[in-house]
Amino acid sequence: MKDDRHIEDGIWLLCSNSAVRRAARQLGQLYEDAMGDTGLKGTQFSLLSQIARSGEPSLKNLAEAMVMDLSALGHTLKPLLRDGLVELVPDGSDRRVKRVRLTETGATKQRELTARWQVAQDRFDRAFGKERSEELRRTLAFISSPDFAASFGKGGAD
C-alpha cells in the first residue's frame, strides 16, 4: 500500500517554491512548539528580534528587511502594538516617517523568548548538522535578497 506522505511523490521535488514553503511550515511548527505557550507566533518573535537588532527601524526599512509589504507588516505589528511590546514613534528628522521600537516590556519578552528560540536552534543544528545549517541560512538569505529577486526577473520569463 502506498504511503501518501512519502517524500518522493510530492510536488516539492519539482518546485522550489513548494519545497521552501513546505519546509517553512514544518520548521514554523517545530520552533513554535519549542517556544511554548508564549502567546506569540514565530513571525512576531522574528519581528521583535529584527527590531531589537535594528534599533528603531523605519516601517519601510523593517518591511524590506523582513521581505514583507507594508500592509503585511502592519497586520503583524497590530497585536504587538496592542499588547504594548512595540510602539511607533515619529522620525527625529522627518516627522512623516514612522519608526518602530521595542518597549521595555517588548525588550524583556524578546530576551526571554530568545532563550527558548536558542533551544529550537540548537535542536535544528543537531538534527541537520551545524555546517549544513549555516550553509542553508546563507542560501536562504541570498534567496531573500534583492539581488536574487533582480536576477530571477520579477517581471516574468525573459
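Start by selecting Ser133, which sits in helix α6 (helices here are DSSP runs of H or I with at least four residues, numbered from the N terminus). Is Ser133 buried or exposed? Buried, with a relative accessible area of 0%; the cut-offs are under 20% for buried, over 50% for exposed and partly exposed in between, using a 1.4 Å probe and protein chains only. Now show what touches Ser133: setting aside neighbours within four places in sequence, its contacts are Phe124, Asp125 and Phe128 (contact means heavy atoms within 4.5 Å).

A word on what you're looking at: this is a predicted model, where local features need pLDDT of at least 70 and side-chain atom pairs count only at pLDDT 80 or more, while totals for chains, interfaces and linings use all residues. Residues are numbered from 1 along each chain as its sequence is written, and side-chain values use heavy atoms, with hydrogens and water left out.

Next, select α5 and α6 together. They pack at about 110°, their axes 6 Å apart (axes are lines fitted to C-alpha atoms, for helices over the stretch in contact, and angles run from 0 to 180 degrees between N-to-C directions). That makes the two helices roughly perpendicular, the word for 65 to 115 degrees; under 35 is roughly parallel, over 145 roughly antiparallel and the rest oblique. On the α5 side, colour Gln121, Phe124, Asp125 and Phe128; on the α6 side, Lys130, Arg132, Ser133, Leu136 and Arg137. This contact has 3 nonpolar, 2 polar and 4 charged residues (Ala, Val, Leu, Ile, Met, Phe, Trp, Tyr, Cys and Pro count as nonpolar, Asp, Glu, Lys and Arg as charged, the others, Gly among them, as polar).

Then hop over to α2 and α4 (residues 70-82), whose axes come within 10 Å and cross at roughly 90°. Pick Thr43, Gln44, Leu47, Leu48 and Ile51 in α2, and you'll find them meeting Leu73, Thr76, Leu77, Pro79 and Leu80 in α4.

Last stop: the largest pocket. A pocket is an open set of points on a 1 Å grid over the protein atoms alone, where a 1.4 Å probe fits, with protein on both sides within 12 Å along at least five of seven lines; lining residues have an atom within 4 Å of a point. Select Val20, Ala24, Leu140, Ala141 and Ser144, which lie nearest the centre among 48 lining residues. Which helix gives the largest share of the lining? That's α1, with 16 residues. Overall, the lining divides into 25 nonpolar, 15 polar and 8 charged residues.
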